[in-house]
Amino acid sequence: MSKLTPETIDWSNLGFSYIDTGARFRAKFTNGAWQEGEIVSDNTVTMSEGSPVLHYGQACFEGLKAYRTKDGEIQLFRPDQNAKRLVKSAEQLLMEPYPEDKFVEAVKQVVQANEDWVPPYGTGATLYIRPFLYGEGDIVGVQPATNYTFAIFVTPVGPYFKGGLAPQDFLVTDYDRAAPQGTGAAKVGGNYAASYLAGKEAKDAGYADAIYLDPATHTKIEEIGSSNFFGITKENQFITPKSPSILPSITKYSLMHLAETRLGMETIEGDVYLNEIDQFVEAGAMGTAAAITPIASITYHGEKHVFYSETEAGPITQKLYDELIGIQFGDVEAPEGWIQTVK
Ligand SMILES: *Cc1c(COP(=O)(O)O)cnc(C)c1O
């Protein structure tokens with residue numbers, strides 16, 4: 001297969017798949033300190049067979065995007081928040097955190113090294129950035145690693161929705177992705193391994209993804225495979241679940257801020273009981289990948305509940321989406337500190 005290049009790639013036909021862009025960032029923690037990171041070309045990693053990441057899942061990651069503006073600049077959306085969250089995830093797994101300021105620097109460095117891979121403005125496509133951290137070394141017992149690798153690769157990805165926001169159907173699963181006082185709030189690989197089966201069953205049955213209930217009582221909506229849930233009430237409230245086992249989405253906190261300051265809405269983080277979802281006139285999923293996915297319906301034990309419409313996004317959902325996407329691509333003024341430019 002001939003290798004894709006920024007010159008030969010069809011920007012308007014990108015999905016969400018891995019493309020080797022030729023440049024990635026690597027830094028190692030050895031002898032008790034982070035060594036200077038560098039850009040390397042080889043996309044493979046080697047490590048000891050005893051590495052805790054391979055046996056005990058000592059790994060965490062982040063996901064963010066670089067956006068090309070109308071002026072041809074490249075900008076990042078709140079990368080400092082990803083830096084903070086990676087530190088929290090690392091701490092929960094007793095890993096050596098990568099310093100926050102160095103994280104943002106490394107993200108800029110790897111984007112710069114791949115600047116031709118940042119898709120043109122107007123295609124809706126972006127450069128997806130995947131930082132990750134894992135524990136390695138000659139270890140066999142259940143204990144944290146002493147050596148770590150922090151790495152970042154990038155890959156151009158298409159817009160989640162081509163031609164407007166398309167509502168999706170979701171299936172409420174009986175599986176849990178995380179335990180009540182477990183690792184749900186940390187962005188760790190193990191949570192995703194635990195979600196494969198629920199996700200596959202939902203997709204095989206024709207749904208976009210699984211929705212998880214709170215693991216303690218299975219009565220409240222918790223979150224979706226890789227995005228958080230929101231509902232909009234008739235009273236113009238933006239309501240999103242609060243739980244120690246939900247992954248704190250940066251997109252969610254950004255949308256809450258925009259809902260309050262730009263749409264004049266009341267925002268609430270609280271319990272979202274499954275048997276009270278008819279209070280919502282609109283609902284959606286939020287995360288970096290799609291920004292917002294309008295939720296057409298959710299099905300629980302064979303019963304389907306439709307929110308706003310099965311074919312169209314609701315007006316509030318659309319406004320929130322336009323505001324967020326506008327900020328990310330530089331068409332709408334961002335709140336102070338949300339945007340960092342790369343070039
Ligand atoms: C990453 C992630 C999200 C979305 O977080 P963003 O910061 O908005 O991208 C939501 N849920 C889970 C489980 C995640 O891993």
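The model is a predicted one.

The space that the ligand takes up is the largest pocket of the structure. The shell around the ligand comprises 15 residues, of which Lys-187, Tyr-192, Ser-249, Thr-251 and Thr-288 come nearest. Two elements that each supply at least two residues of this shell are β12, residues 227–233, and α6.

In the side chain of Thr-288, an N or O atom is 2.6 Å from an oxygen atom of the ligand. For Arg-85, the corresponding distance between a side-chain N or O atom and a ligand oxygen is 2.8 Å. Ile-250 takes part through its backbone, with an N or O atom 2.9 Å from an oxygen atom of the ligand.

How many does a search of the whole structure find? The search returns 11 salt bridges. One of them pairs Glu-100 with Lys-84, and the closest N and O atoms of this pair are 3.9 Å apart. With a cut-off of 4 Å, the pair qualifies because a side-chain nitrogen of Lys or Arg must lie within that distance of a carboxyl oxygen of Asp or Glu. Glu-100 belongs to helix α3 (residues 100–113) and Lys-84 to helix α2 (residues 79–92), and the bridge thus links distant parts of the chain, 16 residues apart. Glu-100 counts as partly exposed, at 35% relative accessibility. Lys-84 is likewise partly exposed, its relative accessible area being 40%.

Asp-204 has a relative accessible area of 56% and is exposed, whereas Lys-200, with 48%, is partly exposed. The boundary between these two classes is set at 50%.

Glu-323 is located in helix α7 (residues 315–328), while Arg-262 occupies the loop between α6 (250–261) and β14 (266–270), so the bridge ties together parts that are 61 residues apart in sequence. Arg-262 is partly exposed, with a relative accessible area of 32%. Salt bridges may also share partners: Lys-3, Asp-20 and Arg-24 are joined into one network in this way.

Arg-78, which is not glycine, has a positive phi, near 50°. Arg-78 is situated in the loop between β6 (74–77) and α2. Is Arg-78 buried or exposed? With a relative accessible area of 13%, Arg-78 is buried, since the class of buried residues covers values under 20%. Ala-291 is another residue other than glycine with a positive phi, in this case near 65°. Ala-291 is part of strand β16, residues 291–300, and counts as buried at 4% relative accessibility.

Gly-199 is placed in helix α5 and counts as buried at 8% relative accessibility. What distance separates the C-alpha atoms of Gly-199 and Asp-209, which are 10 residues apart along the chain? These C-alpha atoms are separated by 5.5 Å. Val-118 is found in the loop between α3 and β7 (126–136). At 3% relative accessibility, Val-118 counts as buried. Between the C-alpha atoms of Val-118 and Gln-318, 200 residues apart along the chain, the separation is 25 Å.

How values were computed. Residues are numbered from 1 along each chain as its sequence is written. This is a predicted model: local features need pLDDT of at least 70, side-chain atom pairs count only at pLDDT 80 or more; totals for chains, interfaces and linings use all residues. Side-chain values use heavy atoms; hydrogens and water are left out. Helices (H or I, at least four residues) and strands (E, at least two) are DSSP runs, numbered from the N terminus. Buried means under 20% relative accessible area, exposed over 50%, partly exposed in between (1.4 Å probe, protein chains only). A residue is near a molecule or strand if one of its heavy atoms lies within 4 Å of it. A polar contact is a pair of N or O atoms within 3.5 Å; within protein, one must be able to donate a hydrogen and the other to accept it, and residues adjacent in sequence count only if both atoms are side-chain atoms. On a 1 Å grid over the protein atoms alone, a cavity is a set of points where a 1.4 Å probe fits but cannot get out, and a pocket is an open set with protein on both sides within 12 Å along at least five of seven lines; lining residues have an atom within 4 Å of a point. A molecule sits in a cavity or pocket if more than half of its atoms lie within 2 Å of its grid points.
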